[in-house]
Amino acid sequence: MAPLRTLAQRVAPRIMAVTAQQVRGMATEKQILNQINSTSNIKKITSSMKMVSAAKLKGDEQRLAAATPFNSWTDMLCSEPANIEDATFEELPQKTLIVPMTSDKGLCGGVNSFITRGVRDIYKSLDAQGKEADVVVVGDKGRAQLRRLFGEKITVSATDVISPGNFTLASALATELIAAGASDYDAICIVYNKFINAAVYVQKYKIITPFAIATEDGGSMPGYDFDSDKPESMGDLFEFMIASQIFHSFMEGAASEQSSRMTAMENASKNAGEMIDSLTLRYNRARQARITTELIEIISGASAIDES
């Protein structure tokens with residue numbers, strides 16, 4: 001009993017000091033346990049969101065595969081999409097309307113931030129070249145981010161866009177662009193995320209230029225006959241081309257958004273698991289310290305009784 005009493009007398013002050021410090025600055029066992037339960041619930045949510053995004057991604061890939069040949073006819077009338085990274089944007093004309101395609105929902109990684117960064121680079125490059133540019137934003141996230149950068153250049157914003165979108169919605173947006181004076185610009189620059197695979201997507205931009213209609217025999221498509229008025233027909237074709245390009249950008253953006261959300265939720269679930277392990281270790285240490293303190297108190301009390 002004497003060695004145990006001596007050990008208790010030596011260890012007791014240290015344990016009491018650690019306990020006092022824990023009460024002052026460290027979380028209690030109950031608080032740590034509540035954090036573990038909360039983090040576990042978050043992990044369940046993020047894991048469920050990952051599975052939902054994986055299921056939606058399959059549908060978005062199928063819709064994208066169907067939309068790509070539907071939009072292939074515009075390749076002969078528009079320039080090929082180019083990567084935003086390391087681009088100089090010298091091919092853009094004097095007056096450009098920039099249309100960034102973003103989403104209304106978050107928790108999808110850097111999908112919207114990359115588009116905002118690309119629009120910022122395009123605008124800075126055009127401004128340095130002495131060219132003009134206005135912005136028509138599609139998506140609430142893009143509007144919130146771009147409004148802080150150059151809100152005075154945003155002429156129209158379209159929010160509450162139903163994902164992944166359809167051709168009816170794309171046609172309505174094309175009509176809004178025409179009503180906003182899209183035909184008065186030298187070109188329309190659509191900025192979007194191009195889906196590569198479930199782990200990779202890149203930012204691209206494509207340029208749509210209005211058809212040049214000088215006379216009935218000149219301008220675009222000089223070798224074709226039109227039953228109706230040629231300028232009117234060319235205007236309708238230009239609007240249809242904008243709708244087709246927006247629809248294809250919708251499909252590309254929807255697939256990129258779901259793939260990015262799936263990756264983001266997987267990383268969130270992994271981080272939540274690591275946090276649970278760290279909190280569990282802290283909880284076990286706190287519980288062990290409490291049990292050790294109680295044992296020291298019992299031994300000290302027994303020693304005091306023996307001495308009396």
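This is a predicted model: local features need pLDDT of at least 70, side-chain atom pairs count only at pLDDT 80 or more; totals for chains, interfaces and linings use all residues.
Me: How many residues does helix 3 have, and how far does it reach?
Reply: Helix 3 runs over residues 111-128, so to speak 18 residues. Its first and last C-alpha are 26 Å apart, close to the 26 Å expected.

Me: Which residues of helix 3 are buried?
Reply: Among them are Val 111, Ile 115, Val 119, Ile 122 and Tyr 123.

Me: What do the buried ones pack against?
Reply: Their partners include strand 2 (95-100), helix 4 (140-150) and helix 6 (230-307).

Me: What follows helix 3?
Reply: Gly 130 does, with a positive phi near 75°.

Me: New topic. How many aromatic pairs are there in the whole structure?
Reply: The search finds 8. One of them is Tyr 123 with Phe 150.

Me: Why is that pair called stacked?
Reply: The planes of Tyr 123 and Phe 150 are at 25°, and under 30 degrees counts as stacked. The ring centres are 4.6 Å apart.

Me: Where in the chain do the two sit?
Reply: Tyr 123 is in helix 3 and Phe 150 in helix 4, 27 residues apart.

Me: And Phe 167 with Phe 247: stacked or edge-to-face?
Reply: Edge-to-face, because their planes are at 80°. Their centres are 5.8 Å apart.

Me: Is Phe 247 buried or exposed?
Reply: Buried, at 13% relative accessible area. Phe 167 counts as partly exposed, at 25%.

Me: Last one. What lies over the face of Tyr 192?
Reply: Lys 206, at 4.6 Å from the ring centre.

Terms used: Residues are numbered from 1 along each chain as its sequence is written. Side-chain values use heavy atoms; hydrogens and water are left out. Helices (H or I, at least four residues) and strands (E, at least two) are DSSP runs, numbered from the N terminus. The expected span of a helix is 1.5 Å times one less than its number of residues. Buried means under 20% relative accessible area, exposed over 50%, partly exposed in between (1.4 Å probe, protein chains only). Contact means heavy atoms within 4.5 Å. Rings of Phe, Tyr and Trp (its six-membered ring) pair if their centres lie within 6.5 Å; planes under 30 degrees apart count as stacked, over 60 as edge-to-face and the rest as tilted. A charge sits over a ring if NZ of Lys or CZ of Arg is within 6 Å of the ring centre and within 35 degrees of the ring normal.
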